[in-house]
Amino acid sequence: MFETIIGLEVHAQLNTKTKIFCNCATSFGDEPNTNVCPVCLGLPGALPVLNKDALEKSIAFGTAVNSKINDNSIFNRKNYFYPDLPKGYQISQFEVPIVEGGEIIINVDGQDKKIGITRAHLEEDAGKNNHFDSVSKVDLNRACTPLLEIVSEPDMRSSDEAIAYLKKLHQIVRFLDISDANMQEGSFRCDVNISIRPVGDTKLYTRVEIKNMNSFKFIASAIAYEVERQKEAWNNGTYEQDVYQETRLYDVNKNMTKSMRGKEDSADYRYLPEPDLRPVKIPKELWERAVQIPELPEAKKQRLIEDCKLKSDDVDIVVSSPEMAKYFEEMLKSGIKPANAIKWLNVELLARFEGEVNISNSPIKSSKLAILISKIEDNTISNKAAKEVLDYVYENTNIDIDTAIDKLGLKQMSDDSSIIAIIDTVLANNPKMIEQYKSGKDKLFGFFVGQVMKESKGSANPGVVNKLLKERL
């Protein structure tokens, strides 16, 4: 029996308007090598200047995960050669990072577990190699983009725990609004460090790094493959030969990891103090602003459960993203019942999303869905009718709720006199049923309700029908 040891190094691209050491734009998808300057090209004599916004966002993260914020962090030169690293070194933090320590609480199978954070440091990103049939080209638009590298302790023991940690981290940076964390664009990616050991052993054995993962699904698959590869090597007696410190890549088509290069130790990078950047002294006003962080997902979840009397699983969906949370809380401002708001958001609206549609570009705005729910609560329409209205306005976004109700003829009949007239007609047509009901066949009440609803073509308010029918019978 083996135990899996997992540690993660997450690179979150900070959503600053400009790069970490220059004024070039950080926008994604521009023409290659258009957002570059002497600084991010690494030209001789070009001097870096630290982006204050990147510093502020890193402090906000440290505050959110209960870290120590170092007021004297320093930058270093991390020396290594790579085609998309124009200077031949990366400006990063090593000896004294901006964020030190911290923790994130995950929940797997109903059990809470604390995952320690070793550090979170600022650094610049490299460029990007684009490979074609016969040539490779380098795009340096991404070079010098600000990254916050978040390094965990090796506290995770399964792919489930690793994914839970990553999802929680993804939530946090998005709610803090320090990163868009778009995994498809590479602004939230991670390196996975994996080793195994016999159960009961406390030694840390050789770790293997799987580089640049940006999909929860593929991260789980890569961990599963690599764990099995290492177990097989151990059981075959080839562990020392087959498992050595290296960087591997995950092939999504073959569902396997394969060797990329040997993995260096910190000494191999020849870290040196960055002579062009002074130690970071955090200005008081920046510090005070940075630590005023917004409500985080876990705190928001507990507040909604306690204040609105909602179920934990339902609220998990609402706090899954800042956009969902904002949509829901905007609905509540209209005064509708929280239980109805969460039901119609989680069950009805989300079920209608297809393709690229999500809560951010939903055809139904929060105010419109809230109006629809208010029409149910004031008995203007029934729940069933409301679903028809939602379908209609989903396809016809320029039509308001009241117009849709009138156009579809779904306004609910709630006035007593109209419903009594229908009830009297139904009763007059079913004298034998009345006799059977009065003789003790109580279940026939449902028959009368059904007949009244049929006569009203579904427009009668069921609650009013039940009340008046009982009185008439």
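K300 sits in helix α6, which covers residues 297-308; helices here (H or I, at least four residues) and strands (E, at least two) are DSSP runs, numbered from the N terminus. This is a predicted model, where local features need pLDDT of at least 70, side-chain atom pairs count only at pLDDT 80 or more, and totals for chains, interfaces and linings use all residues. Residues are numbered from 1 along each chain as its sequence is written, and side-chain values use heavy atoms, with hydrogens and water left out.

So, is K300 buried or exposed? With 8% relative accessibility, K300 counts as buried; buried means under 20% relative accessible area, exposed over 50%, and partly exposed in between (1.4 Å probe, protein chains only). Once its neighbours within four places in sequence are set aside, K300 is in contact (heavy atoms within 4.5 Å) with F175, E295, V319, A325 and E329.

Two of those partners, A325 and E329, turn up again where α6 meets helix α8. In general, a pair of packed helices is described by the angle between their axes and the distance between the axes. For α6 and α8 (residues 322-332), the axes come within 13 Å and cross at roughly 25 degrees. Axes are lines fitted to C-alpha atoms, for helices over the stretch in contact, and angles run from 0 to 180 degrees between N-to-C directions. The two helices α6 and α8 are therefore roughly parallel to each other, given that angles under 35 degrees count as roughly parallel, over 145 as roughly antiparallel, 65 to 115 as roughly perpendicular and the rest as oblique. The crossing of α6 and α8 is left-handed; that is the word if the near helix is turned anticlockwise from the far one by less than a right angle, and right-handed is the word if clockwise. On the α6 side, K300, R303, L304 and C308 do the touching, and on the α8 side they meet A325, F328, E329 and L332. The residues of this contact split into 5 nonpolar, no polar and 3 charged. For this sorting, Ala, Val, Leu, Ile, Met, Phe, Trp, Tyr, Cys and Pro count as nonpolar, Asp, Glu, Lys and Arg as charged, and the others, Gly among them, as polar.

K309 counts as exposed, at 68% relative accessibility. Its phi is near 55 degrees, a positive value in a residue other than glycine. Most residues other than glycine have a negative phi. C144 also has a positive phi, near 80 degrees. This residue lies in the loop between β9 (136-139) and β10 (146-152). At 1% relative accessibility, C144 counts as buried.

Another lysine, K168, is found in helix α2 (residues 159-175). K168 is buried too, with a relative accessible area of 17%. Apart from neighbours within four places in sequence, K168 is in contact with I104, I105 and E298. Helix α2 also packs on helix α3 (residues 216-236): their axes come within 9 Å and cross at roughly 155 degrees. That makes α2 roughly antiparallel to α3. The crossing of α2 past α3 is right-handed. From α2, the contact uses S159, A162, I163, L166, K167 and H170, while α3 brings F216, I219, A220 and I223. Sorted by class, these are 7 nonpolar, 2 polar and 1 charged residues.

F445, F448, V449, V452 and M453 of α15 meet P462, V465, N466, L469 and K470 of α16. That contact has 8 nonpolar, 1 polar and 1 charged residues.

As for the whole protein, there are 16 helices and 15 strands. The C-alpha atoms fill a box of roughly 95 × 55 × 50 Å, taken along the principal axes. The radius of gyration is 30 Å, whereas a compact globule of 473 residues would have one near 23 Å; the radius is taken over C-alpha atoms, and the globule rule is 2.2 Å times the number of residues to the power 0.38. Of the 473 residues, 47% count as buried.
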